Amino acid sequence: MSKNLVIVESPAKAKTIESYLGKDFTVKSSFGHVRDLPEHDMGVDVENGFKPVYEISADKVKVINELKKLAKEAEQVWLATDDDREGEAISWHLKEALGLPDDTKRIVFREITKSALQNAIERPRNIDLDLVNAQQARRILDRLVGYELSPVLWKKIRIGKSSLSAGRVQSVAVRVIVDREREIDAFQSKSSFKVTARFDLGNGKILNAELPKNFDKEAEAYAFLEKCIQAEFSIKNLETKPAKKSPAPPFTTSTLQQEASRKLSFSVSQTMTIAQKLYEAGKISYMRTDSTNLSEEAMGKAKDQINSEYGTEFHQRRTYKTKSESAQEAHEAIRPTDFSTLVASKDRNEQRLYELIWKRAIASQMSDAQLERTTATIGISTTKEELVAQGEVIKFEGFLKVYLESNDDDSDEEQKGMLPPLNIGQQLNLSDMKATERYSRNPPRYTEASLVKKLEEMGIGRPSTYAPTISTILRRGYVVKEDRPGQEREFKELTLRNNEIKGKVSKETYGTEKAKLFPTSTGMIVNDFLVNHFQDIVDFSFTANVEKDFDNIAEGKVSWQRMIDNFYKGFHKKVAEAEGEKIDRSLTTRELGEDPNSGKKVSVRVGKYGPYVQIGDVEDEEKPKFASLQKGQLMETITFEEAMELFKLPREVGFYEDKGMVVNIGKYGPYVKHDDKFYSLSPTDDPMAVTEERLIEIIQEKRKQESNRIIREYDENPNAKVLNGKYGPYIAFGKRNIKIPRGTEPTSLTYEDVLKLAEGTEEKPAAAKAKGGRKTAAKKTKKD
DNA sequence: CAGTGAGCGAGCTTCCGCTTGACTT
């Protein structure tokens, strides 16, 4: 039994701190918040000063009981939760739940180092009630908004499979995505002609140059190339300028999520799960942070590492200011706990993320890269226009030796190389010149990570909520994360070679999307409803504005009840107004035209099972015809022609082995059904046009594949087989799938080999189908 | 790898921020 009980938020942090403080201190964790408003009730008395009802969260009852016991035994309790608004509130809730006196010692530190801890212990204070009240205002505002708005949606918009919801953060996240989709839809791509030239300098050396301006019209580009026939080209000017590049600050949660997405293709939640493992193993500092600050101790260790590994000229001490205004900076930036550790994990993804964190943190304490940029201007004897060639040479690598931040826009900014040696006045020999048609690009769709970046810029959400917010808007069906194929378009290219201009038309694919966020019809409808009725809540600056109020409460200038009262008066009036209005069908219905066959109305609607097209009315004597919209189609943008196409499926296409074949589009794309079996069409098959012959081919192919599936069976055990799968040969052992070691010939595996390989593998089947994410979540909430 | 969609009424859903596991698929 020790004299002192210190309570922090995270168990991993508790362990570290305990090792620093010695045997007189027991350090325990609260595992985050311990009390909250009730889940199934508003829990806020709007008629009596917004008095909140707090209860100990179901999953914290055990923690609280244990802490109560330890607190009783200890002489002194220290509340050491995080140094920010939420942390202060956690301390207050702990004090209330544990029955501690009001003057219980409260200590704070923003980095976990021995000196920071000692400093904190020497300067305890009491709980800052103003700061606690700012948190209560934040919590209660979110509850009022979420729990008054969501039921309005249930009553006024009855669509979608999962229950609708709205909130200060999620609704703005959806709005950002909906707005962007409409921008893209309205975007008019313009083409122009870009001129590039290649000069042959002899000895295999080539100089690439381009015209700084593009031509809007093909005729102008042609005229320019014409002028260049027989023209003489010479170097008119050479200019060399020094330049430098500086490293990016060490990672915060949001920048880590962005870089892991760009460089490692991790999803936001994947990044957090992996980072959590590294944190729990003591390899990195805390991963939910908005600070770019490094402790003195960490900077010193980074310096040692850089000096010994790269040399002192590579080190430059830097401190970074956190950009975001909403930052609360209770922690350090994300960094390795020990810079001399290069291998932190055997797990490939953990190691890859660790390396990213290590490199970024090390680079942030390194010197600038020194560059030299050379621009060569090339004169043309027949015109005033000039061509430009640019090159770049790295004079001193600096931080680039370790790390370069990547870019969001996949713009074709090619790596500039070195220019060959050139002199002013030098005559150049043109080998060819091209004018290529280029199209302007629409604004990009959001990835998970670029959405997080956008939210952070607007001050919306916190490091601990970025990943859950994305899960929420996906789970609600407001947004889908998908790959979408691009479209083809033609572009023209004029080439001048050997004094002759030739034209050519080629095809390119554009607009291919990978793992991007698209709004659904449901998302658009809910968004429009909120924008119409609750403009100020989904306003992009709403959070920033209320944050100012919270700051005033934290400084003791305003009472939290007064702030909430001010907000609630206007808000609740709008809720009452919206509830009083009739259900607006125009939100969920769009007329498309008339069916030429029956003369009946064609409309697109959104119902319980998603968006669909309807021919006719339910009041008609004959029942209306229905067809679901396909993946990627929206109520808002589908055309009459596209809608009518949907009724052409399912298509009956001929017979095979005396049984009919039916083509349709299912959950996993187009398929043909034959004899109660399903066969997927390949992406190049058009379900509307695919022929009987091709379908028979598809069925035979699949059958052949199936027959090749079994590589080897064993008499000893009918449940052990060597099979040919999607990813190559593998062993199926009961319910388990086992990898075959590299270099082993699958046909040569004996049953003994199989048993040996099966040894040590887990009982569970290795891979599971990604199918039930939604189900799991639903179950979870029910259980609670 | 389906076929569902109206309207009625019952009874259900819901927020944001702190923390980890537990548990399917």
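**Exercise 1.** In what order do the 4 strands of the open sheet stand, and is the pairing parallel or antiparallel?

*Solution.* This is a predicted model.
Step 1: read the order, which is β23-β24-β25-β26.
Step 2: check the sense; the pairing is antiparallel.
Step 3: find the edges. β23 (651-656) and β26 (677-680) each have a single partner strand, so one side of each lacks a neighbour in the sheet.

**Exercise 2.** Work out how helices α6 and α12 pack.

*Solution.* 
Step 1: take the geometry. α6 (residues 170-186) and α12 (residues 448-457) pack at about 115°, and their axes are 11 Å apart. The crossing is right-handed.
Step 2: list the contact residues. α6 gives Ala173, Val176 and Ile177; α12 gives Leu451, Lys454 and Leu455.
Step 3: sort them by class: 5 nonpolar, no polar and 1 charged.

**Exercise 3.** Which residues touch the most other members of the largest nonpolar core?

*Solution.* 
Step 1: the core holds 127 residues, and Leu353 and Leu451 touch the most other members.
Step 2: helix α5 (residues 129-156) supplies the largest share, 10 residues.
Step 3: follow Leu451. Beyond four places in sequence, its contacts include Ala173, Val176 and Ile177, along with Tyr446, Ile470, Ile473 and Leu517.

Conventions:
Residues numbered from 1 in each chain as written. Chains lettered and ligands numbered in written order. Predicted model: local features only at pLDDT ≥ 70, side-chain atom pairs only at ≥ 80, totals over all residues. Heavy atoms only, no water. Axes fitted to C-alpha atoms, helices over the stretch in contact; angles between N-to-C directions. Helix = DSSP H or I, 4+ residues; strand = E, 2+ residues; numbered from the N terminus. Left-handed = near helix turned anticlockwise from the far one by under 90°. Contact = heavy atoms within 4.5 Å. Nonpolar A, V, L, I, M, F, W, Y, C, P; charged D, E, K, R; others polar. Core = buried A, V, L, I, M, F, W, Y, C linked by side-chain atoms within 4.5 Å. Buried < 20%, exposed > 50% of the residue type's maximum accessible area, 1.4 Å probe, protein only. Pairing = 2+ DSSP bridges.
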